[in-house]
Amino acid sequence: MSDRDAGSGFPQNRRQFLRNSAALGGASLAAGAAALPGPALAQGASDTLVVASPATPQGLDIEFDVSLGSIDTLGALYEYMLGYEKMADPHAPGVMREDTGVHPDKPNGLALKGKLAESWEVTPDGRKATFKLREGVKSNWGNTFTAKDVKWTWDRKFNLKGQGLFQTAVLGLHTPDQIKIEGDHAISFNLEKPNPLLLKQQCNLANPIYDSVKCAQAGGKDDPWAVKFLKNDSAGFGPYRLKQLLRGQQAVFEARDDYWGDKPAMKRVIMKEVPTSASRLSLLDGGAVDIAQFLQPRELQSLKGSKTVAVDAVNASYMIWLELNAAIKPFDNIDVRRAFNYAIPQDEIIRTIYYGYADKQTAPMPYIYPMADTSFFDYNLNLDKAKALLGKAGLGGGFSTTISYNAGDPTQEPIALLIQTSLRKIGVTITLEKLPAGVFYEAVTKRQKPVIFYLDSPWTPDPGYSMYLYFNQKSYVDYSNYKNDRVDQLITEGLETLDDKIRQQKYTEVQKILMSEAPWGFLAYPKYTMARKAGLKGFTYYTSNNLRFQDFSRA
Amino acid sequence: MMSALGFFGRALLARPRFAVGYAIVALVVLAALFAPWVAPYSPVEANPNEFLELPSRAHLFGTDAVGMDIFSRAITAPRIDLTIAILGTLLSSVVGTALGALVGFYSVGRGPKVWLSFAVMRAADVLQAFPVFVFAIALVAALGQSIETVVLAIAFVNMPIYLRLMRSQVLSIRAMRYVEAAKVAGVSDATTIRRHIIPNAIAPVLAQLSINVGWGILLTSALSFVGAGVRAPTPEWGSMISMGFQNVVTGQWWPSVFPGLSLAITVFGFSLVGASIEMLSDPARRQTLAQEMERRNARAAARQLVKAGI
């Protein structure tokens, strides 16, 4: 941010500027405020949405960047082939969410609506899906949407081998040829085996469709997949275009008049980077921003009773658990893992650390996903049972181990302290290891810690997708080193049939086995929370846990 | 001995701030010794039924986010903080003093010993060129997070201070006649250093010790505050402040403020003690103090006489 900007766009002297910045409650905002034209921070501008985020997007390309700031921009800049129908959240009044349930009465058992795809058809054997594409859709660069854009999007995944490779693998796509252009506005996906995720993945936040004409032009010969261009700019069919990206300060978005669907109510969106949650809280409380993202539970609690600020808390796809490393003694022993679970004071964690902004984790997948079965959960705090199980494992005298946690997540240390105190009562001595955020993720992926925290969410609302990620021994994300051939077989079989009854049967069995073998220390389902101005309406929850600016409007 | 103690007592009366310093240090040492018997609760036991409670009769300093009693933790903390700081300071002073004496003794002339002395001094320059805190964090990162590492870190960052202090003392003492006499009499270098040089150069080192213990406590706390020091839930002031500071925003100030005050007061106490030792070990300032005390006594006596109407 230069002084020149401050001088031209913000006509006020230095003292006023400092005073205003201070009034806005955070030095972190001060740098960015200089670039905002006056009305953006004044509250008269009703069609401008100001969001205080922990981070601005590092990159805008989902292929390489899935950080917090980035995933909040994708749904605004890009359009998807399909989306779920929206429904009112049964627990949070005024909040909408995706209808991700099983619907035997609907085509393919799913409540989907067309976006870039106008209609679609899956062959009875489940191996081919043909999409008829919407005509007359323009990108933010004015190019018209065709089947070539879809093809190019998937070819890019095959070629760049970033996170898109996972997207192709999960659908069982081995070569780009399996995606065929069937006309200017028709495209088909051709699989070797039926796959229940074929339509669901078209809604996944990680599969935005690119404007191939602009990308080819911007990338040129040197960069055929426009990697450099898409890192800093967008070429898509979504409702917003990127106006400005100053990393570490702010990103500004502008609604597109030529967007094919409903025009967003918020014409301008300013996403400001405010790293500390306390500053975000005070900005929202002081009326300087419309949304403060990712506040701590205690901060949310402090907003209760406010007339100007509202907090929505919805059941979400987040899960936080302990990876009990099955490759490290004594966690190779199922009884020890079960004992560990019986000693976790889940209720106290929910009450003391989350202030109720979480539920007990009672299944090995998000409880909001179809086919989740919480009836196998039996790990209510029971130290006698825990002690008996340790005795059975030959560790009646207790043992010592280490729990590693992320210094960047303020909830993990207190949770670890509660668990440590609880386990001490059955003779288990726990050393706590606080790891800086960068080192922490490396430690998780290396799978060399006996017990380590992990917070994650599988974006696609599907039991097979979720459990394949965390429990299939071939999965990169099986961080607890869990191995069970029967579980692998059942998960895979469930991913090769479209029959929801059979899937339900298989996934129920998987959940039963997983709960009894306890590969995780089950902790909590943290809620997705939205701290917003009371007059801001339209918040919609997505299982990818991100904002879509187009949902919001003012009362 | 009696007269020295008597002088010390009278000096404290003349400079009451030093008395405050010694009182604080005494209190901290007593806390460190007797905390397990005095603390009303276990300092490492979470109690989720009583989290973030305001200071009250049951919990003098309140409880933190997981329900640990802050008073029990605050008075147990010196066991860790003081031990680390004292061990670190002693280690640095012993090594620094010995090296400083050698380097000072062999800093003139030629030969491998002199070159080695030169190398030691340059190494100390390198050590001191790093910002103390950054260097300590790097050391903890390299050696792993443990109490032993923090002790080593304190020893490392303080060692050059003693090295330089001792060297400068030795440089002037080695030119003294009695050192030359020892040399002429055929006394070995080692004996000369041990018997004649170190005892005469040690006074400023002793004064430095107390100040460094205060710094050591501060460094330990700072390391723990950023998560590089002792592990949670070991009661330690810096880590307590760090665990509690998120609560300050939402109005729960006590988890951070009480350990913060304890830390500030302790370091202040050690600084005062250091200042008093420095003054008492300096003959010129000691004499000024003695004269001042005499004048004061004389004035008091004069007042008595006036009062008695003489």
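L52(B) sits in the loop between α2 (16–38) and α3 (70–105) of chain B. (Helices, H or I with at least four residues, and strands, E with at least two, are DSSP runs numbered from the N terminus.) Phi of L52(B) is near 50 degrees, a positive value in a residue other than glycine. L52(B) counts as buried because its relative accessibility is 11%; buried means under 20% relative accessible area, exposed means over 50%, and partly exposed is in between, with a 1.4 Å probe and protein chains only.

Before going on, a word on the ground rules. This is a predicted model, where local features need pLDDT of at least 70 and side-chain atom pairs count only at pLDDT 80 or more, while totals for chains, interfaces and linings use all residues. Residues are numbered from 1 along each chain as its sequence is written, chains are lettered from A and ligands numbered from 1 in the order in which they are written, and side-chain values use heavy atoms, with hydrogens and water left out.

**Salt bridges in chain A**

- Searching the whole structure turns up 32 salt bridges over all chains, a salt bridge being a side-chain nitrogen of Lys or Arg within 4 Å of a carboxyl oxygen of Asp or Glu.
- One of them pairs R156(A) with D61(A), at 2.5 Å from N to O. It links distant parts of the chain, with R156(A) in helix α6 (residues 147–160) of chain A and D61(A) in the loop between β1 (48–53) and α5 (68–77) of chain A, 95 residues apart.
- Both ends of that pair, R156(A) and D61(A), are buried.
- R134(A) and E118(A) form another salt bridge, with their closest N and O atoms 4.0 Å apart. R134(A) is in the loop between β7 (128–133) and α6 of chain A and E118(A) is in strand β6 (residues 117–122) of chain A, so this pair ties together parts 16 residues apart in sequence.
- The two ends get separate labels: R134(A) counts as buried at 17% relative accessibility, while E118(A), at 40%, counts as partly exposed.
- K449(A) and E433(A) also meet through their side chains in a salt bridge, at 3.2 Å from N to O. Here K449(A) is in the loop between α17 (437–446) and β19 (451–456) of chain A, E433(A) is in strand β18 (residues 429–435) of chain A, and the two, from distant parts of the chain, are 16 residues apart.
- K449(A) counts as partly exposed at 23% relative accessibility, and E433(A) counts as buried at 15%.
- Salt bridges can share partners too, and that is how E118(A), K132(A) and R134(A) end up in one network.

**Where chain B meets chain A**

- The contact (heavy atoms within 4.5 Å) takes 22 residues from chain B and 23 residues from chain A.
- Together the two chains bury about 1900 Å², 59% of it on carbon and sulfur atoms; buried area is the accessible area (1.4 Å probe) that two parts lose on being put together, summed over both.
- On the chain B side, P48(B), R231(B) and T250(B) lose the most area to chain A, together 25% of what that side buries.
- Between the two chains there is 1 salt bridge. R424(A) and E45(B) meet in a salt bridge at 2.7 Å, N to O.

**A buried serine**

- S188(A) belongs to strand β9 (residues 186–190) of chain A and is buried, with a relative accessible area of 0%.
- Leaving aside neighbours within four places in sequence, S188(A) is in contact with several residues, among them K128(A), A129(A), T130(A) and E182(A).

- The peptide bond from K329(A) to P330(A) is cis, with omega near 0 degrees. P330(A) sits in the loop between β15 (319–324) and α13 (334–342) of chain A.
- Chain B has a cis peptide bond from A232(B) to P233(B), with omega near 0 degrees. P233(B) is in the loop between α9 (203–225) and α10 (237–249) of chain B.
- N108(A), in the loop between β4 (96–98) and β5 (112–114) of chain A, has a positive phi near 60 degrees without being a glycine. At 39% relative accessibility, N108(A) counts as partly exposed.
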